[in-house]
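I set out to record what I looked up in this structure, going from the overall fold to single residues. The entries follow the order in which I took up each topic.

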Amino acid sequence: MAKAKTGDILSLIEIDHGEVEQLFEKIQKEKSAKKIQELFSQIYQELTLHARAEELVFYPAMREYEETEELIEEAEEEHNAAKILLEEMKQLGSDDEEFKTKLMHLIESVQHHVQEEEEEIFSAVRGSMEDEELQALGQEFQEAKAKVEPDVKTASPAAR
Ligand SMILES: [Fe+2]
Ligand SMILES: [Fe+2]
C-alpha cells in the first residue's frame, strides 16, 4: 500500500472492521466463560469506539451527498440496534444462557452492516471525495476515537 494512503478514513475503517471480525471468530471458538467475558469486553470497546468515531466524523461528512444520505440513515439505525444489544449483553454477562443468542445476533447484524459500509457507502465515497479529503477525515477519525476512549473504557463491561 502506498504510504500516503495509510491514513485515509476508508483504510482506517477497514482495519477496525478486520479487528472486530477477528474478535468475533475468537469469541465463537472460546469455551471458557471468563475468556468469553474478556473477549466481549474487547468487542464492546472496539465496536463502541468505532461506531462513535463514524458517527462523529464519517457519517456527518457523508450526509452532504445525496447518494449516501439514505444509506447513512440506515447505517445509524443499525448502530443503534448494535448498541442496544451490547448493553443487554453487558447486563447479562457471558454465563447467562441468553448471552449466546444475543452474541450470534450481534455478529450477524454487524457483519451485514460492515458489508453495506464497505460495498455501498465506500463506493459512493470514492466517487465523490478527493484523496486529500479522505486523509483529513482519517486524521479526524483517529482524534475522535482518542477523545471518546476514556468514556468507552469506563462504560465497558470490564470496568464493572
Ligand atoms: Fe458503522
Ligand atoms: Fe464501520
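**Notebook: fold, cores and helix packing**

I began with the contacts. Among contacts in the chain between residues at least 6 apart in sequence, 75% join residues at least 24 apart. I note that the model is predicted.

**Entry: overall fold.** I next looked up the secondary structure and found five helices and zero strands. Read from the N terminus, the order of elements is α-α-α-α-α. For the extent along the principal axes, I recorded about 50 × 30 × 25 Å for the C-alpha trace. I then checked burial: 26% of the 160 residues in the chain are buried.

**Entry: nonpolar cores.** Which residues touch the most other members of the largest nonpolar core? I listed I9, I13, V57, F58, M62, L137 and F141, in a core of 15 residues. The largest share, five residues, comes from α2.

Setting aside residues up to four places away in sequence, I found V57 touching L137, E140, F141 and A144. I also noted a second, separate core of 14 residues, with L39, F40, Y44 and A51 among them.

**Entry: α1 against α4.** I turned to helix pairs. Two packed helices are described by the angle between their axes and the distance between the axes. For α1 and α4, I recorded axes that come within 11 Å and cross at roughly 160°. An angle over 145 degrees counts as roughly antiparallel, and α1 and α4 are therefore roughly antiparallel to each other. I noted the crossing of α1 past α4 as left-handed. On the α1 side, the contact is made by L10, E14, H17, V20, F24 and I27. On the α4 side, L103, I107, V110, V114, E118, F122 and V125 take part.

**Entry: α3 against α4.** I looked up this pair in the way just described. The axes of α3 and α4 lie 10 Å apart, and the packing angle is about 160°. That makes α3 roughly antiparallel to α4. I recorded a left-handed crossing where α3 passes α4.

**Entry: G93.** Where is G93 found? I located G93 in the loop between α3 and α4. I counted 14 C-beta neighbours inside 10 Å, so G93 counts as partly exposed. Its contacts, not counting residues up to four places away in sequence, are Q37 and F99. I also checked G93 against A33, 60 residues apart along the chain, and found their C-alpha atoms separated by 9.0 Å.

**Entry: A82.** I placed A82 in helix α3. Is A82 buried or partly exposed? With 18 other C-beta atoms within 10 Å, A82 is partly exposed, because a buried residue needs 20 or more. Leaving aside its neighbours within four places in sequence, I found A82 in contact with L47, A51, L106, S109 and V110. The C-alpha atoms of A82 and A51 are separated by 9.5 Å, the two residues being 31 residues apart along the chain. I noted that A51 also belongs to the second core, and that V110 takes part in the contact between α1 and α4.

Definitions and conventions:
Residues numbered from 1 in each chain as written. Chains lettered and ligands numbered in written order. Predicted model: local features only at pLDDT ≥ 70, side-chain atom pairs only at ≥ 80, totals over all residues. Helix = DSSP H or I, 4+ residues; strand = E, 2+ residues; numbered from the N terminus. Buried ≥ 20, exposed ≤ 12 C-beta atoms within 10 Å, placed from the backbone. Contact = placed C-beta atoms within 7 Å. Core = buried A, V, L, I, M, F, W, Y, C linked by C-beta atoms within 7 Å. Axes fitted to C-alpha atoms, helices over the stretch in contact; angles between N-to-C directions. Parallel < 35°, antiparallel > 145°, perpendicular 65-115°, else oblique. Left-handed = near helix turned anticlockwise from the far one by under 90°.
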